[in-house]
Amino acid sequence: MPSEESRLIETLRVFCVIAMMWVHVNPGLSSPSAVTSGDYTLVGAVFGNTLGRVSVALLSFVSGYLIWHRSRTVPLPQFAATRFRSVLVPMLVWSALFILFAVLKEPLTGVMAQKIEGIDLDAASLANAWAGITGPTANLSLFFLRDLFVGSLILRAALPFVARAPIAVAAVALVAASGQTLEPLIFRGPILQFLVFGAVAARLGYTLTGIARPLVALPLGYLMSVASLAAYSLPASPLLHPLNLPALAMRAGVSFLVLAFTRATMAGSRRLALHRLGRHAYLAYLMHVPLFGVLWVLWRSLVGGPLEPSYAIFFLAGPVVAFAVAVPVGLALDRAPRVLQIALRGRIVRPERLKPED
């Protein structure tokens with residue numbers, strides 16, 4: 001893969017993970033705060049509810065694109081084992097740590113802990129809270145990784161069909177993954193849809209660097225976003241309503257705009273070398289919820305609550321702080337035992353080469 005495209009992908013990981021973390025900054029976008037119901041609602045709407053939620057689709061698209069280029073010849077059992085190690089193992093480790101921190105929060109801090117969603121005494125509730133087998137994980141930020149893993153396996157199995165009839169496979173994915181059709185196999189259908197769309201784009205010969213060119217991405221992003229907003233005001237066709245095409249177009253439109261912004265940022269700030277942070281992005285994402293929980297306790301006691309104007313600073317700075325913590329932790333992990341590296345970030349990095357083994 002050309003070095004420019006590799007840098008683009010790594011920079012995209014940084015921007016998308018930052019945006020996804022905005023969705024989970026305490027106390028959350030569903031709770032009253034300065035960025036949801038106060039003076040800075042536009043901040044929450046743009047950075048959290050738009051960029052944050054769209055970034056999952058964009059990262060899924062990139063994953064599908066990479067699966068086509070890197071995994072077409074990898075046998076499905078080997079691919080499944082690699083994805084399990086790189087995606088699910090660290091997810092399960094950090095999910096267990098989250099549950100442990102939540103249980104110990106009250107005795108350690110004296111702050112009353114809220115009931116952990118999905119945790120009861122029966123085995124099924126505990127399994128879902130930890131691994132998200134048939135329902136949401138206790139740490140909701142990790143739940144999409146379960147769908148990403150399952151969707152990746154489905155895509156790898158379907159690659160022979162993508163090679164023969166890419167448009168037909170995209171159409172099948174669009175219909176089959178709409179709404180709640182595939183639950184509990186897939187809970188977030190757009191993840192599978194954009195995984196397939198990424199592989200189809202690669203099969204048709206499109207490149208990420210080409211798609212991200214401002215002359216291509218900006219007009220497409222603008223037109224699809226405007227069309228999506230216009231479609232919301234029109235009566236929905238009973239035949240097309242289950243597909244939720246306006247939401248799909250909005251995800252695609254904003255994704256195009258993010259691609260254009262990322263490529264422009266790369267061209268205008270080469271000295272920053274943001275792509276070098278890409279290898280720490282997954283670790284930053286895995287650890288951000290427990291980290292935010294600790295920071296939120298300190299912020300509330302020292303600065304103020306979510307309705308204070310100063311909360312906007314906490315909201316915007318949270319993902320940056322998560323990366324600031326993840327980078328030194330990641331560098332320390334480079335010299336840690338292989339088992340610990342896999343457990344905490346899903347891949348092994350050799351310090352002398354700074355290159356992942358898979």
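This is a predicted model: local features need pLDDT of at least 70, side-chain atom pairs count only at pLDDT 80 or more; totals for chains, interfaces and linings use all residues.
Residues are numbered from 1 along each chain as its sequence is written, and side-chain values use heavy atoms, with hydrogens and water left out.

**Around Thr137**

Thr137 sits in the loop between helix H4 (123-131) and helix H5 (143-164). Helices (H or I, at least four residues) are DSSP runs, numbered from the N terminus. Is Thr137 buried or exposed? Thr137 is buried, with a relative accessible area of 1%. Buried means under 20% relative accessible area, exposed over 50%, and partly exposed in between (1.4 Å probe, protein chains only). Contact means heavy atoms within 4.5 Å. Leaving aside neighbours within four places in sequence, Thr137 is in contact with residues including Met91, Trp130, Leu142 and Phe143.

**The nonpolar cores**

A nonpolar core is a set of buried Ala, Val, Leu, Ile, Met, Phe, Trp, Tyr and Cys residues joined through side-chain atoms within 4.5 Å. The largest one has 92 residues. Phe144, Leu145, Leu155, Tyr311, Phe315 and Phe323 touch the most other members. Helix H2 (residues 41-71) gives the most to this core, with 12 residues. A second, separate core has 5 residues, among them Phe98, Ile99, Ala138 and Val289.

Take Tyr311 from the largest core. Beyond neighbours within four places in sequence, its contacts include Val25, Pro27, Trp296 and Trp299.

Ala284 lies in helix H11 (residues 281-302). Ala284 is buried, with a relative accessible area of 0%. Leaving aside neighbours within four places in sequence, Ala284 is in contact with Met21, Ala322, Phe323 and Ala326. Ala284 and Met21 are 263 residues apart in sequence, and 9.1 Å apart in space, C-alpha to C-alpha.

**Salt bridges**

A salt bridge is a side-chain nitrogen of Lys or Arg within 4 Å of a carboxyl oxygen of Asp or Glu. Side chains of opposite charge can pair when their charged atoms come close. How many salt bridges are there by this rule? The count comes to 5. Three of these pairs are listed here.

| Arg146 | Asp147 | 2.9 Å |

Asp147 is buried, with a relative accessible area of 0%. Arg146 is buried too, at 9%.

Arg279, Asp334 and Arg345 are linked in a network of salt bridges. Arg279 is in the loop between helix H10 (245-268) and H11, while Asp334 is in the loop between helix H12 (311-333) and helix H13 (338-345). These two residues are 55 residues apart. Arg345 is in helix H13, 11 residues from Asp334. Arg279 and Asp334 are both buried. Asp334 has a relative accessible area of 3%. Arg345 is buried as well, at 5%.
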